[in-house]
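Grab a pencil and work through these exercises with the model open beside you. Try each task before reading its solution.

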Amino acid sequence: MIRRRFNFFVRPLPDILKNVAGSKKNLTRRFARNKNLLNKFKKLSIKTAWHEICYIHNTFLFLLIASFIKAVWFPHPGRFFTQVEQMEHAHFLDLEYPQAPPERAAFHVIPVPLERSVSYGGGAANGPAALLLASRQLEAAENGLAPGESGFYTAPFVRCEGDAEAVLAQVESMVARAVDCRACPVLIGGEHTVSLGALRALARCGEIGIVQIDAHADLRPEYGGDPFSHACVMYRAVNDLKLPLVQFAVRELSREESAIRRKLRIRHYDAAVLARGGLPSDPLPQDFPRRVYISFDLDGLDPSLMPATGAPSPGGLFWHDTVELLRRCALGREIVGFDVVELAPVPGLRHADFTAAKLVHVLMTLALRPTAGGRQSNS
Ligand SMILES: [Mn+2]
C-alpha cells in the first residue's frame with residue numbers, strides 16, 4: 001500500500017497523462033457497451049452542474065448579505081450622508097424631549113440648509129442635519145439649566161432651491177411666527193446669509209443690536225457681484241437695516257471692509273486684541289440695545305476646535321472663552337434670537353458637529369429667562 005502511494009507521487013507526468021488518456025478511452029468503450037451506464041453518467045453530470053450552479057448562487061448571496069451588513073454596521077462617508085438625509089425629519093435633542101407644539105415651545109429651531117455663495121470649502125447644506133444628529137448626544141441639562149423643559153419645536157427644513165430672496169422670505173416668515181408664539185428663534189445654517197431673514201423679522205419688533213462672532217467681518221457691499229453672499233450679511237444688516245453691531249474674533253478683514261467699519265462706526269474686538277488683552281469685562285457699549293441678536297459664525301472658533309467650516313482661519317476663540325464672552329454679552333440683556341451658521345460637516349469628524357450642537361444648547365440657556373413660567377416673552 002505504502003509502496004503504491006509512493007509510486008503514484010514519483011511517477012513521471014507523461015506516464016500519468018498516458019494513464020488518464022487510457023482510462024478515458026477505456027471509459028468510452030465501456031459506455032458504448034453499456035447504455036445504462038451512459039445514462040447514469042449523464043444524470044450525474046446534470047446533478048453536478050446543478051450543484052455547481054447552487055454553489056455559485058450561494059456565494060453571490062453570501063457576498064450580497066455581507067456587503068449589506070457592512071453598509072449598515074460600519075460607519076463610512078456614504079452612511080454618514082444617509083444618516084444626515086434622514087435627519088430632515090428629526091428635531092433638536094429629540095431623544096430627550098418630544099417635539100413641543102409651536103405655540104407652547106420656548107424655542108423654535110429653524111434649520112436652513114442654504115449653500116449658494118460658497119467662496120472656499122463647501123458642505124454647508126449638510127450643516128443643519130449634522131447638527132441635529134449631534135444634538136442627540138447632548139445631555140438634557142447644560143450648566144444646571146434645561147432649556148428643553150420649556151419646550152423645543154423644530155420647524156421643517158427651509159427649502160433652499162430658490163434664489164436668495166426666496167429663501168430669506170421663508171426664514172423671515174418662520175422667525176415672525178416664532179415671535180408670534182413668544183418663542184426664541186434659533187437658526188441653524190447653512191451659510192451666513194440666512195441671518196438676514198431673521199434680522200429683517202426681528203427688526204420690525206423693536207430695537208435690537210447684533211452681536212457677531214466670526215472670523216470674517218462680512219462687511220462687503222457685494223461679493224462676486226452677489227449682494228446676498230455670506231460675505232455681505234453684516235453690511236446688509238448695518239447699512240440696509242440700520243442695526244447696531246459689535247464684532248468679536250474677526251481676523252480676516254479686507255481694506256474695503258476696514259474702511260466700511262470706520263464709516264459705519266462698527267465696534268469690534270478682533271481676535272488679536274482678545275488674545276492680547278483677554279475678554280472685555282463689559283463687551284457691549286452702554287448705549288447698546290437691551291435686546292440682542294447673536295449671530296455666531298462657527299469659523300469664529302479656532303479651527304482646531306471647529307475644522308468643519310467653509311473658510312477656517314487660525315487664531316480663533318476657544319470653548320471656555322466663547323461661553324464666557326456670550327455670558328457677558330447676555331448679562332442684563334435679552335437674547336431675542338440667535339443663529340449658529342456655517343457648519344460644513346466632515347464625515348467622521350464628530351467633535352465639530354457636537355461642538356456646534358452644544359453651542360446652540362449653551363445659547364439657549366443664556367436666552368432662557370429664569371421665571372416660573374419658563375421663558376418670558378420677547379415683546
Ligand atoms: Mn460669516
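**Exercise 1.** Work out what covers the buried residues of helix 7.

*Solution.* Contact here puts two C-beta atoms, placed from the backbone, within 7 Å. Helices (H or I, at least four residues) and strands (E, at least two) are DSSP runs, numbered from the N terminus. Next, list what gets covered: Ser195, Leu196, Gly197, Ala198, Leu199, Ala201 and Leu202 are the buried ones. Buried takes 20 or more other C-beta atoms within 10 Å of a residue's own, exposed 12 or fewer, and partly exposed falls in between, with C-beta atoms placed from the backbone. Finally, seven of the nine residues in helix 7 (residues 195-203) are buried, so the rest of the structure largely encloses it.

A quick note on the source: this is a predicted model, where local features need pLDDT of at least 70, side-chain atom pairs count only at pLDDT 80 or more, and totals for chains, interfaces and linings use all residues. Residues are numbered from 1 along each chain as its sequence is written.

**Exercise 2.** Find the loop that holds Gly190, then check the peptide bond from Gly189.

*Solution.* Gly190 sits in the loop between strand 3 and helix 7. Now the bond: Gly189 to Gly190 is cis, with omega near 15°.

**Exercise 3.** Is Lys242 buried or exposed?

*Solution.* First place Lys242: the loop between helix 8 and strand 5 (245-248). Then count: 9 other C-beta atoms lie within 10 Å, so Lys242 is exposed. Last, check phi: about 60°, positive although Lys242 isn't a glycine.
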